[in-house]
Amino acid sequence: MAEEFSVLPVTVPPLPSYPVQATHHIYLRRNAPRIATADDSRSLFLANVPSDSTEAHFRALFASLVGAGRFETIQFEEDKNTARSSLEPTQAARLAAHHKKRKREDDELQSLKEEAAAQLPDTWSRKLHRSGGSAVVLLADEKSVESVLKAVRKLKKSKKYPVWGEGVKDKAPPLGSHWLRAHSKLTYPGGDVVQAAVDAYFTIFNRKEEEAAQLAKRLRNEPDEDGFVTVTRGGRAAPARRDEAEEAKQRMLAKQQKKNDDMQNFYRFQLREKRKAEQSDLLKRFAEDKKRVNAMREKRGKFRPER
């Protein structure tokens, strides 16, 4: 597997805590996930990313290799299962091109924003990644991928490695003591921040409860497994909780599926009987043809031509 990767050396400048210049090696190749996506041709898989990596660092790094405008975004390994609260410009452009899907996408985006607002703010101003982690970089097009790989191959000859963090400046929060002081401050958010998060959480909770009530209302006339509907004072009783409503819905779907399977098996029985009848008729005609041929052979044997 190692030969499939190209090696991108970067120079790490000396720090007050470690006043020695070092070289860090990032391994990259074309992205080829198990489940293919439409953006695989214009993305790169990176391994052994520095633990202090940010999007600003890689934007500056790729700009030094192939110029500005080629880098779009990066997704780190630990961010793959994290829902994004905003759309990238390219995603927004695709969304505008599909008018029929816009309402559904807008609803999903609004739901993500509400869920993000219900979360308390992060307690760290800048996340650190695990040592030897990976990431996926999305570039402008497939030609940009070729340009990056070509630029990385040229670094072996020139030995002029890009400097890690050069061109970032104030685009990423600083580490060190500033980072720890920011963490101490973010650990104790103000009352207004906590109240806003609680309000957003209960907004989502009330909406889901309303959805559960509507589902229960639709299933109010749903009979049980024996075909009976429970009737109580004031009308028929619907499932009281969301999980009961979901269970009732699953029973309804299972019953309908069982009915469809029974009908399908009935039709299969008819088809099976029809095939048996056709096969029996075919064997009968074959026996008759065989008997006719044997009779013709016997008749031919008794024939004597005149001399």
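By class, five nonpolar, two polar and one charged residues make up the lining of the largest cavity, where Ala, Val, Leu, Ile, Met, Phe, Trp, Tyr, Cys and Pro count as nonpolar, Asp, Glu, Lys and Arg as charged, and the others, Gly among them, as polar. The model is a predicted one, in which local features need pLDDT of at least 70 and side-chain atom pairs count only at pLDDT 80 or more, while totals for chains, interfaces and linings use all residues. Residues are numbered from 1 along each chain as its sequence is written, and side-chain values use heavy atoms, with hydrogens and water left out.

The lining consists of His57, Ala60, Leu61, Val163, Trp164, Gly165, Glu166 and Val168; a cavity is a set of points on a 1 Å grid over the protein atoms alone where a 1.4 Å probe fits but cannot get out, and lining residues have an atom within 4 Å of a point. The structure holds one cavity of 30 Å³ or more, and the largest cavity contains about 40 Å³ of space, a volume being the space filled by probe spheres set on the points, which are joined across faces, edges and corners.

Threonine 54 lies in the loop between strand 3 (43-49) and helix 1 (55-66), helices (H or I, at least four residues) and strands (E, at least two) being DSSP runs numbered from the N terminus. With a relative accessible area of 13%, threonine 54 is buried, a term that means under 20% (1.4 Å probe, protein chains only). Neighbours within four places in sequence aside, threonine 54 is in contact with Phe76, Arg126 and Ala172, contact meaning heavy atoms within 4.5 Å.

Technical notes. On a 1 Å grid over the protein atoms alone, a cavity is a set of points where a 1.4 Å probe fits but cannot get out, and a pocket is an open set with protein on both sides within 12 Å along at least five of seven lines; lining residues have an atom within 4 Å of a point. Buried means under 20% relative accessible area, exposed over 50%, partly exposed in between (1.4 Å probe, protein chains only).
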